[in-house]
Amino acid sequence: MKYFFSAGEASGDVHAAQVIRELRNIDREAVIKFLGGDDMALAAGCVPLIHYERMAYMGFVDVVAHLPQVLRNLEDAKKAIREFCPDVVVLVDYPSFNLRLAEYAYGLGIPVHYYIAPKLWAWKEYRIRKLKKFVSRIYSILPFEEAWFGERGLKVEYVGNPSVEEVDRVLESMPLDADFRSLHSLDSRPILALVPGSRVGEIKSNLPVMDAVARRHPEVQTIVAGAPSISPELYAGLTSFPVIDASTLQIMACARAALVTSGTASLESALAGAPQVVCYRSVGWKPMHGLFQRILKIPFVSLPNLVGGEIDRETRRRVNDEVARSGVRGCVVPEMLMHHCNADEVDRQLTPLLSDGPERRRQLEGYERVRSRLLTPVPAAEVVARRLAEALAQKHMKE
């Protein structure tokens, strides 16, 4: 069988690579082409048609600034699908780009499967029409999504969360704390991890705030988790703290605490057991925070809170925004967003996490709740690979 995968960022590359490995165990004659990164290349045994470092643009401003590149990527991807003529197209997250590919593949009569359902419960719910029309099967990695999509007439299967297996696999194989410190020439002070994201725009917006907070804590050793494909020069222009590449999970597992840009890394920090403050500062204008709250349809933005939080929507409407996000009312981790993502407010949330107080204990208890809600008997990648093989077998039997 021929499979075409599309993943447009670092986390999607990791998750898709696991599916490809499982798929090749099931289908020994699988032929795979893909848009993605180095992990998918290792799993598939070939280079990506487009590397995700040419695709990872986020937000209206970033996309507009790189619009010619985005359009070229889209045309190149369509051409690749047309010429390869796969038995199935597998889309991984990255909805703005991938839903356009879904429409194109559907027009060619190619089945489309979507792994990591678009987060339409957060915003852009109108995209559900495209999912219904163009996508044959949707696989979710968040347990509450089955009910949310089901209420809107769309069948979505929760397959488990790949971050659980990926984090555990890394933690099992990582060196001891002392060996990790020796490898990277670190001293014995507790580690503060700065995880500013994997996209240039995220890093430019969030790392300066994280850097300013970290400088208030000379009692800890600060490390920046470097993202794949990001140049050392970018980090050097924003911080003088050491940058360690391709070891984010190991850094978080060794860290006393972390400052983490909202996204997959916040969930990984929870699974690795690093107490954290979630930061997101695309802009620092107070009016944008109000707009942000009106656009979003969810009580929280970070995955640990969405999975492990105890607050319901009605309660969220009644409480003050800053209180709701401070860890007092049902949060697992504090979220410092937009104009609240400044050195003073972030530091007020971080400082208690560096000692063995109630704030730290409450987060670690919340992390256990997150992990228990995500666990499934079979790894997510294996389930998705089985579903792909089953669907194609049924398709060929009908033909």
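Colleague: Which strand is Gln-276 in?

Modeller: Gln-276 belongs to strand β12, residues 276-280. Bear in mind that this is a predicted model.

Colleague: Is Gln-276 buried or exposed?

Modeller: Buried: the relative accessible area of Gln-276 is 0%, and the cut-off for buried is under 20%.

Colleague: And what does Gln-276 touch?

Modeller: Leaving out residues up to four places away in sequence, the contacts of Gln-276 include Ala-258, Val-260, Pro-304, Leu-353, Gln-363 and Tyr-367. Ser-266 and Ser-269 are also among them.

Colleague: Switching to the largest nonpolar core. Which residues touch the most other members?

Modeller: Phe-5, Tyr-115, Leu-131 and Phe-149, in a core of 100 residues. Helix α20, residues 380-398, supplies the largest share of this core, with 7 residues.

Colleague: What is Phe-149 in contact with, beyond four places in sequence?

Modeller: Ala-117, Pro-118, Leu-120, Trp-121, Ile-128, Leu-131, Leu-154 and Val-156. Apart from that core there is another, of 26 residues, including Leu-192, Val-213, Val-224 and Leu-350.

Colleague: Now the whole chain. How many helices and strands?

Modeller: The chain has 20 helices and 13 strands. It runs to 399 residues, and 55% of them count as buried.

Colleague: What about the accessible surface?

Modeller: About 17,600 Å² for the chain, with 54% of that belonging to carbon and sulfur atoms.

Colleague: Last one: what percentage of contacts with a separation of 6 or more is between residues 24 or more positions apart?

Modeller: 65% of those contacts in the chain.

How values were computed
Residues are numbered from 1 along each chain as its sequence is written. This is a predicted model: local features need pLDDT of at least 70, side-chain atom pairs count only at pLDDT 80 or more; totals for chains, interfaces and linings use all residues. Side-chain values use heavy atoms; hydrogens and water are left out. A nonpolar core is a set of buried Ala, Val, Leu, Ile, Met, Phe, Trp, Tyr and Cys residues joined through side-chain atoms within 4.5 Å. Buried means under 20% relative accessible area, exposed over 50%, partly exposed in between (1.4 Å probe, protein chains only). Helices (H or I, at least four residues) and strands (E, at least two) are DSSP runs, numbered from the N terminus. Contact means heavy atoms within 4.5 Å. Accessible areas come from the Shrake-Rupley method with a 1.4 Å probe; for residues, only the protein chains shown count as cover.
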